[in-house]
Amino acid sequence: MQQLTVYNSLSGKKEVFTPITKEYVGMYVCGPTVYSNVHLGNCRTFISFDIIFRYLKHLGFKVRYVRNITDAGHLENDADEGEDRIAKKARLESIEPMEVVQRYTVDFHETLAKFNNLPPSIEPTATGHIIEQIEIIKSILEKGFAYKINGSVYFDVLKYNETNNYGKLSGRKIENLVHNTRSLDGQSDKKNPQDFALWKKAEPKHIMRWPSPWSDGFPGWHLECTAMSTKYLGNQFDIHGGGMDLKFPHHECEIAQAECITKQTPVNYWLHANMLTLNGKKMAKSTGNNILPEEMFSGKNSIFTKSFSPEVVRFFLLQAHYRSIVDLSQDALLASEKGFNKLKEGLLLLKQLTHSTETKGFDFVQWEEQSYKAMNDDFNSPMLIAQLFEAVRFINLVNNGSASISKSDQLKLAQKMKIFVEDIMGISFGKSKQSDVSTALEGTVNMLIDFRKITRDNKDFVTSDRIRDELSALGIQLNDEKDGTTFSI
Ligand code: AMP
Ligand code: ZN
């Protein structure tokens, strides 16, 4: 088996993936700020990491996948100014901030479930880890890399940079940052504009506040991920991910915070998913240049003239490598829909093929090797999809008599296609878990109806009545009609 290589944003090159321990792979991905519905751009990042999670598991790694929910501390502006995004939404709608959090956390989960994403292993919240964040601030203060001012605490970037390299992830140079950052307007407590908040004193009208040694206030956004990643994965862990836009300042600041306390580099592999664009511009909540997944599934939007199912949208996203920019357009989606249907039909056809004594026209071993090679090359899903279409081409050739497949190869191919399509790419062909359960229930009740008929034919009315009564107690009514028995729930 070839080795898995991943592109590490920290070194700027592909590296062989070697986990720290044999026990598990620790993976942390920055979750959403839950102040509005997730748009398709957000989903792209979470689907990219779902593929990474699925593939690592497929390779046999035990993965502890931690993805947080940002429910406090994310201000409107990266310069630590403006209102807290969640508190602002609560104020505009005259509801509790936690109602905002609940509403959009539910939306986030429901949307990702429609895309068939697997849930993470742990999903901690920023508000659930205020104590841990306060402890980290105390430790950074003790080490001399932060300063207190008027009830707030700021990270001293220049001080940190004397002994460390601020900018190592994003490739920014401190001199340029100092030069280019907007100068302070006299309102800010910061010593230098590139410093960032660890704790902010809350204004009297600010609702989301917690007591701390410095003031009643709230933590800075970057701190929550340091607190939650180290709490659940340790001071050094394997993979940290998020969208490309989080590289700076969010992830750069996370590295700085963690290095101050532990003197260790916190993360071995930094992985970043690239942006989904609409009309050539980044999809974003704040600018309104976005589309919600639900608007795509229902077709109720002013961008596309037809609806697209979650499976087709997922397939469309996976047709690009996670590090490439993808632009959303009707033509591209239509092409993906066509490809998706071709794959679906190919898989159905595979089960129905007439097999021969031997396989001709397909090198199964090489095909499998190339498929793994694609995924081992930094999770190259478009290359894997090309391999899947290679298999579909062969299936069609067998169907029209230009190639042949043996029974064992047919089984092997069906099994491998299932692994690549369903387990690794998470494509379900419209079969949700819910519909699996309904099909299983329907089959079970019909089996009991048949069984009841046998008992009645044998004049075993005690058993036949028992079947009817027990189903009735479960809320399933049997209706005996002249053509047979039907049921209703
Ligand atoms: P947010 O809720 O804005 O913090 O974003 C949640 C995740 O979505 C982060 O990892 C972002 O990097 C990612 N994200 C935001 N906008 C886009 C986009 N247009 N394309 C891809 N990922 C995005
Ligand atoms: Zn984060």
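This tour moves through a predicted model, one selection at a time.

Residues are numbered from 1 along each chain as its sequence is written, and chains are lettered from A and ligands numbered from 1 in the order in which they are written. Because the model is predicted, local features need pLDDT of at least 70 and side-chain atom pairs count only at pLDDT 80 or more, while totals for chains, interfaces and linings use all residues; side-chain values use heavy atoms, with hydrogens and water left out.

**Stop 1: the domains**

Colour residues 5–273 as domain 1, 277–427 as domain 2 and 431–488 as domain 3. These bounds come from an automatic or database domain assignment. Between the C-alpha centres of domain 2 and domain 3 the distance is 39 Å.

**Stop 2: an open sheet**

Select β7, β8, β9 and β10. Helices (H or I, at least four residues) and strands (E, at least two) are DSSP runs, numbered from the N terminus. Two strands pair if DSSP finds at least two bridges between them. The 4 strands form an open, antiparallel sheet in the order β7-β8-β9-β10. Its edge strands, each pairing on one side only, are β7 (146–149) and β10 (217–219). On average, neighbouring strands are turned by 15 degrees against each other, direction ignored; axes are lines fitted to C-alpha atoms, for helices over the stretch in contact, and angles run from 0 to 180 degrees between N-to-C directions.

Next, select β9, residues 196–201. On one side, 3 bridges join β8 to β9, and Val 153 stands opposite Trp 199 in β9. With β10, strand β9 pairs in the antiparallel sense over 3 bridges. Here Lys 200 stands opposite Phe 218, and Lys 201 stands opposite Gly 217. In a regular strand the side chains alternate between the two faces of the sheet.

Is β9 mostly covered or mostly open? The strand is mostly covered, with 5 of its 6 residues buried. Buried means under 20% relative accessible area, exposed over 50%, and partly exposed in between (1.4 Å probe, protein chains only).

**Stop 3: helix α2**

Select residues 85–93, helix α2, and show its buried residues: Arg 85, Ile 86, Ala 87 and Ala 90. They pack against β5 (75–77), β6 (81–84) and α3 (97–114). An α-helix has 3.6 residues a turn, so residues three or four places apart point the same way.

After the helix comes Ser 94, whose phi is positive, near 50 degrees.

**Stop 4: Arg 44**

Select Arg 44 in helix α1 (residues 40–58). Why does Arg 44 count as buried? Its relative accessibility is 2%, and the limit is under 20%. Contact means heavy atoms within 4.5 Å. Leaving aside neighbours within four places in sequence, Arg 44 is in contact with residues including Asn 274, Met 275, Leu 317, His 321 and Tyr 322. The side chain of Arg 44 reaches the backbone oxygen of Met 275 at 3.3 Å. This is judged as a polar contact: a pair of N or O atoms within 3.5 Å, where, within protein, one must be able to donate a hydrogen and the other to accept it, and residues adjacent in sequence count only if both atoms are side-chain atoms.

**Stop 5: the nonpolar cores**

A nonpolar core is a set of buried Ala, Val, Leu, Ile, Met, Phe, Trp, Tyr and Cys residues joined through side-chain atoms within 4.5 Å. The largest core has 132 residues, and those touching the most other members are Leu 40, Phe 155, Tyr 166, Met 296, Leu 328, Leu 413 and Met 417. Its largest share, 10 residues, comes from α1. Domain 1 and domain 2 each contribute at least three residues to this core. Apart from it lies another core of 6 residues, among them Val 445, Ile 449, Ile 476 and Leu 478.

**Stop 6: two final residues**

Select Gln 410 in helix α14 (residues 407–424). At 8% relative accessibility, Gln 410 is buried.

Finally, select Lys 338 in helix α11 (residues 330–352). Lys 338 is exposed, with a relative accessible area of 66%.
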